[in-house]
Amino acid sequence: MRFLHTSDWHLGRGLHRVPLLDAQRRFLDHLVDTARARQVDAVLVAGDIYDRAVPPLAAVELFDHALRRLAEAGVATVMISGNHDSARRLGVGAPLMAGAGIHLLTDPAGCDRPVLLRDAYGDVAVYGLPYLEPALVREEFAVEAARHSAVLGAAMDRVREDLAGRPDGTRAVVLAHAFVTGAATSDSERDITAGGAASVPVTLFDGVHYAALGHLHGCQTLTDRVRYSGSPLAYSFSEAAHRKSMWLVDLDADGTVRAERLDCPVPRPLARITGRLEDLLADPALEPHREHWVEATLTDPARPAEPMARLSARFPHLLALAFAPERPDSEDRRSYAERLRGRDDQRIAEDFIAHVRPGQELDARERAELRRALESARVREGGA
């Protein structure tokens with residue numbers, strides 16, 4: 001059976017002040033054309049279809065048009081909700097849409113009820129594990145700790161239990177929206193650390209033939225059977241070096257996986273340039289970036305006059321300007337984002353309180369109250 005694995009469309013999202021709806025439309029046209037040309041049996045979309053819980057109408061229209069074209073082509077589509085989506089809104093009409101071959105798997109309680117696809121070699125059970133916010137699904141999966149590894153592990157136990165009761169030779173595919181240990185992140189992914197440790201081990205997906213992952217925006221192969229497709233477009237300058245693509249996956253009769261990486265259309269390349277203003281304006285090596293979307297970081301010791309206007313004259317698609325003045329080696333040159341990297345929301349909040357309240361550390365009661373507040377905020381967002 002042949003799948004096209006994609007994720008993280010983020011329909012409705014832009015890049016800084018540039019709207020990307022046209023680029024998203026071209027990607028979806030490319031996806032449908034590829035599914036037709038490569039005789040794909042099913043498209044797998046591993047979450048974050050939309051960029052926010054209540055997407056703009058234009059994004060919903062893109063979604064609707066793509067699904068109708070896939071249905072008309074006879075290509076099944078299996079989708080899960082991600083942490084950017086509203087699972088309830090995305091799942092509206094799911095039973096009716098299933099009749100047209102469009103399967104919206106957004107209910108955590110249904111993770112062990114697969115979509116059954118069939119080829120000449122038998123059944124392929126496609127399970128959907130939508131984004132599982134620990135504080136929201138902890139009771140459903142009867143886990144003691146509200147952690148991503150606990151709830152996702154419990155969901156996978158249900159998947160394996162269901163698979164064990166199916167006929168011998170049934171092949172299994174799982175879609176999941178999560179951060180798997182060992183994968184590389186980028187700046188445009190929304191943090192999912194609140195409510196428990198963010199990452200889960202790759203071994204959690206043992207027992208299935210292919211795991212189609214979403215959430216991280218870089219295409220990655222964790223094992224031959226566990227892969228991220230990445231986002232089809234770059235949504236931050238941290239993705240400037242990404243090769244945007246989808247996976248064309250062939251699942252053989254014995255469950256062997258063969259995967260081919262297919263490139264996505266690039267609306268305009270991204271470039272990050274760093275240096276003093278006069279150097280950036282004069283350096284001939286930067287000429288290829290004239291037609292790129294550009295993020296410039298100025299290292300001048302003092303802020304120069306009218307830097308945005310002067311740089312835009314050479315780089316008309318300049319979107320972002322940052323300042324990182326050259327300092328003595330003894331100073332910490334890391335950006336604020338770099339200093340925060342690796343810290344969860346709880347730690348960031350505690351450090352902030354320590355900064356504004358020097359000499360008075362948080363006690364156990366305050367830490368617990370802060371943890372409850374963060375989890376409550378995440379629950380409200382997840383229920384939107």
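The structure is a predicted model. Two aromatic pairs are found, and positive phi values occur at the non-glycine residues Asp-8 and Glu-306.

- Asp-8 has a phi near 55 degrees and belongs to the loop that runs between strand E1 (2-6) and strand E2 (14-15).
- With a relative accessible area of 0%, Asp-8 is buried.
- Glu-306 has a phi near 45 degrees and is located in the loop between strand E18 (293-298) and helix H8 (307-314).
- Glu-306 counts as exposed, at 61% relative accessibility.

**Aromatic pairs**
- The count of aromatic pairs is two.
- Trp-9 and Phe-27 are both buried.
- Tyr-50 and Phe-63 make a tilted pair, at 5.4 Å centre to centre and 55 degrees between the planes.
- This pair links distant parts of the chain, 13 residues apart: Tyr-50 lies in the loop between strand E4 (42-46) and helix H2 (57-72), and Phe-63 lies in helix H2.
- Tyr-50 is buried at 8% relative accessible area, and Phe-63 is buried at 9%.

**Charges over rings**
- Arg-227 places its charged end over the ring of Trp-247, 4.5 Å from the ring centre.
- Arg-303 lies over the face of Phe-323, at 3.8 Å from the ring centre.

Definitions and conventions: Residues are numbered from 1 along each chain as its sequence is written. This is a predicted model: local features need pLDDT of at least 70, side-chain atom pairs count only at pLDDT 80 or more; totals for chains, interfaces and linings use all residues. Side-chain values use heavy atoms; hydrogens and water are left out. Helices (H or I, at least four residues) and strands (E, at least two) are DSSP runs, numbered from the N terminus. Buried means under 20% relative accessible area, exposed over 50%, partly exposed in between (1.4 Å probe, protein chains only). Rings of Phe, Tyr and Trp (its six-membered ring) pair if their centres lie within 6.5 Å; planes under 30 degrees apart count as stacked, over 60 as edge-to-face and the rest as tilted. A charge sits over a ring if NZ of Lys or CZ of Arg is within 6 Å of the ring centre and within 35 degrees of the ring normal.
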